[in-house]
Amino acid sequence: MTTFPATRPWHEREDWEAEADRRGLSSRERALVDAYRRDGFLVVEDARVLDEIDADGIWTRLAAHFGSDGSGRAQDAWSDDPAVHAIATHPAVLDVLRVLYGREPFPFQTLNFLSGTEQRTHSDTIHFSSLPTGFMCGVWMALEDVTLRQGPLHYFPGSQKLPELDYEDLGVPPVVGALGWANPNTRTSYTLYEERIAALARESGFRMYELAIARGTFLIWSANLLHGGSPRDDRTRTRKSQVTHYYFTGSVPFRPMFSRRSEGRYAVSHLRDVRTGQWIVPSLDGTPVVFPHCGDGLRAIRPLGGICHALARVAGPYAVLPESPREALAQTVRKVAHKLRR
Ligand SMILES: O=C(O)CCC(=O)C(=O)O
């Protein structure tokens, strides 16, 4: 079976202080890193974050996505809505992520919620993980003032240090059939996952906190932090928010809930960078990768020698994930030829 790099985000390292010196971090930045490595989340207050953005117009423009009780979500509105795009790509957010991870962050998914989601506690690593592990995070931004009565976000500081647990680890049956929420088996397995995580959260001794924050404040959670949405005590009140999910360059994104890690078979995600709309080229710390099909819609992940990657960098992103070195090269050559013809 392929072995993958054991790289972790630099903020997790024991010698992080020496590394912070090497990176020339200011004392404010060091305090952010210190808190993030300890707690697995950060709350960033920046009163001016939404100044130039028509965030209030989001709810009119996306009204069709929400029920009369405020339920529902608008997924990936970034492709049409400039305000959602601007929040996902906000320099104030990207700057903090660069400090925390030391790699270039790219947003790949947005979710807008009109009201509290009441989502049960989970870790994003069941939805989105990466190889090497840990290069993913979520950012939750309040788009109105949020009190504890509106179904606030909840989270368990320190829980990011638990092992990254997938269905195999938790004894949840694998999803059989199509890889998506339209398949009823996906819901059945996920409900069982939520029950196992609720028990883990109860037994692990981590304390739950809830987030009451002002409009424009944002919380960054690291991939493995346990979090969810608390009950909406006042169901007449909205709780306008945007969640944006980010990966970092030099990693291969995949969806653990559909993957069979012990068999080396992965539900690999081919994603667009919200900043540019371009497909991203996944790599393992910069080493190019191909993705042979291996049944049930799953892929193996195989690192390649350097020449394909060097060529791919010249040609730009792959249109589809290459299955073999030959296909990677063929795609690259086609792109270069196309560029030369223009
Ligand atoms: O906003 C919430 O209530 C929870 C959001 C959440 O858990 C998520 O997007 O992963």
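**Ground rules.** I'm counting residues from 1 along each chain as its sequence is written. Since the model is predicted, local features need pLDDT of at least 70 and side-chain atom pairs count only at pLDDT 80 or more, while totals for chains, interfaces and linings use all residues.

**Domains.** The protein chain divides into domain 1 (10–162 + 204–249) and domain 2 (254–341); the bounds come from an automatic or database domain assignment. Their C-alpha centres sit 28 Å apart.

Next, the contacts between them. I find 15 residues of domain 1 in contact with 13 residues of domain 2, where contact means C-beta atoms, placed from the backbone, within 7 Å. On the domain 1 side, the elements giving two or more residues are α4 (82–88), β3 (105–113) and β5 (129–131). β3 gives the most, with 4 residues. Helices (H or I, at least four residues) and strands (E, at least two) are DSSP runs numbered from the N terminus. By class, that side of domain 1 has 9 nonpolar, 6 polar and no charged residues. My classes: Ala, Val, Leu, Ile, Met, Phe, Trp, Tyr, Cys and Pro are nonpolar, Asp, Glu, Lys and Arg are charged, and the others, Gly among them, are polar.

**Helix α2.** I checked its length. α2 (residues 27–39) has 13 residues and reaches 18 Å from first C-alpha to last, close to the 18 Å expected at 1.5 Å a residue (1.5 Å times one less than the number of residues).

Which residues of α2 are buried? I get V33, Y36 and D39, with buried meaning 20 or more other C-beta atoms within 10 Å of a residue's own, exposed 12 or fewer, and partly exposed in between, C-beta atoms again being placed from the backbone. Seen down the axis of α2, the buried residues fall within an arc of 155 degrees, so they line one face of the helix; the arc is taken over directions from the helix axis to the C-beta atoms. On the other side of α2, S27 and A31 are exposed. The cover over the buried residues includes α1 (16–22), β1 (41–44), α5 (91–101) and β9 (218–222). Just after α2, G40 takes a positive phi of about 85 degrees.

**Ligand shell.** I count 13 residues around the ligand, the closest being T117, Q119, L153, G229 and V243 (near means a C-beta atom, placed from the backbone, within 6 Å). Elements giving two or more residues are β3, β10 (226–229) and β11 (241–248). β10 gives the most, with 3 residues. The shell has 4 nonpolar, 8 polar and 1 charged residues.

Technical notes. Two residues are in contact if their C-beta atoms, placed from the backbone, lie within 7 Å.
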